[in-house]
Amino acid sequence: MADPAGLYGELFADHEFAALFDDRACLQGMLDFEAALARAQAQVGIIPATAADAIANACEAGLYDIAAIDKAATLAGNPAIPLVKALTARVAAADPDAAKWVHYGATSQDVIDSGHAQQYRSAQELILARSARLAHALAGLVREHRRTPMIGRTFLQHAVPIAFGLKAANWLGPIVSFHDDFMIWGQSAHQLGGAAGSLASLGDKADAVSEAFARIMPSIGAVRVPWHSERRRPARIATELGLLLGHLGKMAGDIALMAQTEIGELAEPEAPGKGGSSAMPHKRNPVLCTLILAAAKRAPGLVSTMLVAMPQEHERAMGGWHAEWLTLRELFLIAGSALNQAVTLIEGLQVFPEQMQYNLDLTNGLVMAERVSLALAQTIGRGEAHHLLEEASRDCIASGRHLRDVLADHPTLAGKLSPEELDDLFDPTTYRGATDAIIDRILVLYEEEREYMSGNA
């Protein structure tokens with residue numbers, strides 16, 4: 001198979017995902033709609049069973065000249081019109097009487113939305129499989145590094161010690177929530193509404209056809225109320241994908257920053273030729289993080305388009321519906337690709353606890369100043385303790401001495417805390433607060449969802 005984006009290879013859309021959205025898959029989705037419509041109408045006696053069979057037998061994408069349909073779609077305004085024309089001609093060649101029943105009572109939007117729904121359903125399953133695999137990898141990272149100390153950073157500066165397992169748990173939690181939410185809100189559906197959403201052309205058998213049609217499409221399902229210009233369904237899918245991509249971008253940003261040369265706490269998986277530079281032989285660029293961040297930065301505009309497209313005129317949109325077609329497709333493609341890259345990133349992530357400890361020690365104990373201040377506050381008051389620790393911290397920076405030694409020599413603070421108390425206060429592994437409880441809560445949510453995830457992974 002050719003690369004999905006030519007010279008860009010699989011940077012922004014991988015082969016597996018691109019195959020779900022190629023022209024043949026789109027065409028087959030629309031043809032499946034036509035076959036189901038004919039069978040439903042035959043079941044309720046609107047069209048002969050022989051006609052339904054003839055129509056269904058012609059609903060195979062391989063029978064059609066996709067390039068010719070693509071070309072005709074430019075003039076027609078959508079691909080459903082030339083497809084129905086080609087389908088009618090093929091049915092007529094085999095059974096002239098059956099041809100008059102092709103697309104009977106339906107409209108172009110029924111065909112296109114239903115065809116897209118079939119692609120979205122396949123894409124949803126792959127998204128869920130990849131998010132499940134990512135969750136499993138993250139859960140392993142959380143458990144392995146529950147007690148690995150590192151520096152927490154706020155405003156890109158050293159703050160207080162945390163556990164790397166806590167950071168990884170905060171990466172895991174939203175992935176678990178996304179998987180649960182997307183199983184509900186990521187569902188697409190076929191629809192059947194006819195010219196203006198009332199199925200009036202099917203007369204008193206319209207509702208029976210709608211019911212039969214819903215039964216025939218069990219792999220995705222069909223809603224009994226047409227949603228031609230009520231677009232919450234695709235907008236919700238887009239929003240969920242946007243939220244996913246935003247969180248993947250947060251993960252990738254954290255990892256890229258922690259992989260900087262001056263920090264060196266993490267590194268992307270190694271592979272021959274990966275992350276090189278055309279100018280600098282020594283470079284090892286975080287290419288997976290870069291691609292995930294690129295997808296995260298593209299997502300808001302695409303989600304915005306889906307939301308902007310929601311106010312659609314009367315019973316059929318003029319531009320709003322059309323704006324959705326390639327927009328939601330692109331969101332699925334970049335979300336699938338970013339998830340794939342995130343799985344590779346986390347499953348092969350290199351963690352360097354020694355460097356995390358080195359960075360913790362860089363500031364000579366200053367990162368424990370908050371803890372010492374709180375301990376002193378119990379005897380000299382919070383305000384005074386804070387003021388004196390600020391003073392001692394400035395002395396620590398100016399002298400290059402460890403804060404513990406500065407405190408031991410401080411005229412006001414010396415002797416306020418015993419050597420044993422200071423040893424404990426300057427041990428970052430004992431400054432955990434609710435770390436274990438937070439990690440456990442997130443792991444419990446993961447375990448509760450794991451059974452459902454196992455069905456997707």
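At what angle do helix 7 and helix 12 pack, and how far apart are their axes? The angle is about 20°, and the axes are 9 Å apart. This is a predicted model.

**Helix 7 and helix 12**
- Helix 7 covers residues 108–144, and helix 12 covers residues 320–347.
- Their packing angle is about 20°. Angles under 35 degrees count as roughly parallel, so helix 7 is roughly parallel to helix 12.
- The crossing of helix 7 past helix 12 is left-handed.
- The contact of these two helices has 17 nonpolar residues, eight polar ones and four charged ones.

**Helix 2 and helix 5**
- Helix 2 spans residues 23–43, and helix 5 spans residues 80–94.
- Their axes come within 11 Å and cross at roughly 60°. That angle makes helix 2 oblique to helix 5.
- Here the crossing is right-handed.
- Helix 2 brings Leu 27, Met 30, Leu 31 and Glu 34 to the meeting. Helix 5 brings Leu 83, Val 84 and Leu 87.
- Residues three or four places apart in an α-helix point the same way, because the helix has 3.6 residues a turn.
- By class, the contact of helix 2 with helix 5 has six nonpolar residues, no polar ones and one charged one.

**Met 306**
- Met 306 sits in helix 11, which runs over residues 287–308.
- Is Met 306 buried or exposed? Its relative accessibility is 1%, so Met 306 counts as buried. The cut-off for buried is under 20%.
- Leaving out residues up to four places away in sequence, Met 306 touches Pro 234, Ala 235, Ala 238, Glu 324, Thr 327, Leu 328 and Leu 331.
- Among these partners, Glu 324 and Leu 331 have numbers that fall in helix 12, residues 320–347.
- Met 306 and Gly 165 are 141 residues apart along the chain, and their C-alpha atoms are separated by 36 Å.

**Helix 9**
- Helix 9 consists of residues 206–216.
- Which residues of helix 9 are buried? They are Ala 206, Val 209, Ser 210, Ala 212, Phe 213 and Ala 214.
- Helix 2 is one of the elements that cover these buried residues.

**The annotated span**
- An unreviewed UniProt entry places the feature "domain: Adenylosuccinate lyase C-terminal" at residues 364–443.
- In the model, that span is 66% helix and 0% strand.
- The end C-alpha atoms of residues 364–443 lie 34 Å apart.

Notes:
Residues are numbered from 1 along each chain as its sequence is written. This is a predicted model: local features need pLDDT of at least 70, side-chain atom pairs count only at pLDDT 80 or more; totals for chains, interfaces and linings use all residues. Side-chain values use heavy atoms; hydrogens and water are left out. Axes are lines fitted to C-alpha atoms, for helices over the stretch in contact, and angles run from 0 to 180 degrees between N-to-C directions. Helices (H or I, at least four residues) and strands (E, at least two) are DSSP runs, numbered from the N terminus. Angles under 35 degrees count as roughly parallel, over 145 as roughly antiparallel, 65 to 115 as roughly perpendicular and the rest as oblique. A crossing is left-handed if the near helix is turned anticlockwise from the far one by less than a right angle, and right-handed if clockwise. Ala, Val, Leu, Ile, Met, Phe, Trp, Tyr, Cys and Pro count as nonpolar, Asp, Glu, Lys and Arg as charged, and the others, Gly among them, as polar. Buried means under 20% relative accessible area, exposed over 50%, partly exposed in between (1.4 Å probe, protein chains only). Contact means heavy atoms within 4.5 Å. UniProt positions are given in the numbering used here, feature names are shortened, and annotations may be inferred rather than shown by experiment.
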